[in-house]
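Have the structure open while you read.

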Amino acid sequence: MFSGNYSHLIDPKGRVSVPSIFRELVQATGSAAVFLAPHPVTPPRFLEAYPVPAWLELEEKLLSLGRFDQTALKLQNFFVGQSYRCDIDNQGRVLIPTKLREWANLTKDVVFAGATDRFRIYEADAWSQAVGDAEAAFKTSPELLSRLNL
């Protein structure tokens, strides 16, 4: 289970060190790769990183929606069509493709944030905005939490 948040720096080539706890969880799946994809429900913009088994599960769900379902088609175009399989190298880094770095405005300071079966990569200010937005939403509408039935 991916949890917590960790600040890291992207180098000029687009490589960033994956937090060691996240690397261990990815490697425990039997692969040293993740699928990076732009998240379609933003702002702020961020990337989602799926270990291979979680990505395959997502693909199965999308396939079950049917080839001609308009929502599934749009999600496949945006999410799957812009995703990349990225290996974590021997130094624990992942190279984030230029298109994804530009889309999510990842230039230097980034935050890795756990999201249960995957993790997210935010530009540092976008992470602050996301946390602030969530806190404000729960303060103004606490019933949002009760709907989750936790």
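Predicted model: local features only at pLDDT ≥ 70, side-chain atom pairs only at ≥ 80, totals over all residues.

1. Asn105 is a residue to look at: it has a positive phi of about 55° although it is not a glycine. Most residues other than glycine have a negative phi. You'll find Asn105 in the loop between H4 and E7. Is Asn105 exposed, partly exposed or buried? Its relative accessible area is 46%, so Asn105 counts as partly exposed.

2. Thr116 deserves a look as well, with a positive phi of about 60° although it is not a glycine either. This residue sits in the loop between E7 and E8. Thr116 has a relative accessible area of 46%, so it too is partly exposed.

3. On to the fold. The chain has six helices and eight strands. Reading from the N terminus, the order is β-β-α-β-β-α-α-β-β-α-β-β-α-α.

4. The C-alpha trace spans about 45 × 40 × 30 Å along its principal axes. Of the contacts in the chain with a separation of 6 or more, 63% are between residues 24 or more positions apart.

5. What about the interior? Of the 150 residues, 37% count as buried. The largest nonpolar core has 22 residues, and Leu36, Ile96, Phe119 and Ile121 touch the most other members. Two or more core residues come from each of helix H1 (20–27), strand E3 (33–38), strand E4 (46–51), helix H4 (98–103), strand E7 (109–115) and strand E8 (118–123).

6. Which residues does Ile121 touch, leaving out those up to four places away in sequence? They are Leu36, Phe46, Leu47, Ile96, Leu106, Val110, Val111 and Phe112.

7. Last, the surface and the charges. The accessible surface of the chain is about 9000 Å², and 53% of this belongs to carbon and sulfur atoms. There are 16 positive and 17 negative side chains, with the centres of the two sets 4 Å apart.

Terms used: Residues numbered from 1 in each chain as written. Heavy atoms only, no water. Helix = DSSP H or I, 4+ residues; strand = E, 2+ residues; numbered from the N terminus. Buried < 20%, exposed > 50% of the residue type's maximum accessible area, 1.4 Å probe, protein only. Contact = heavy atoms within 4.5 Å. Areas by Shrake-Rupley, 256 points an atom, 1.4 Å probe, with all protein chains shown as cover. Lys, Arg positive; Asp, Glu negative; His and termini not counted. Charge placed at Lys NZ, Arg CZ, Asp CG, Glu CD. Core = buried A, V, L, I, M, F, W, Y, C linked by side-chain atoms within 4.5 Å.
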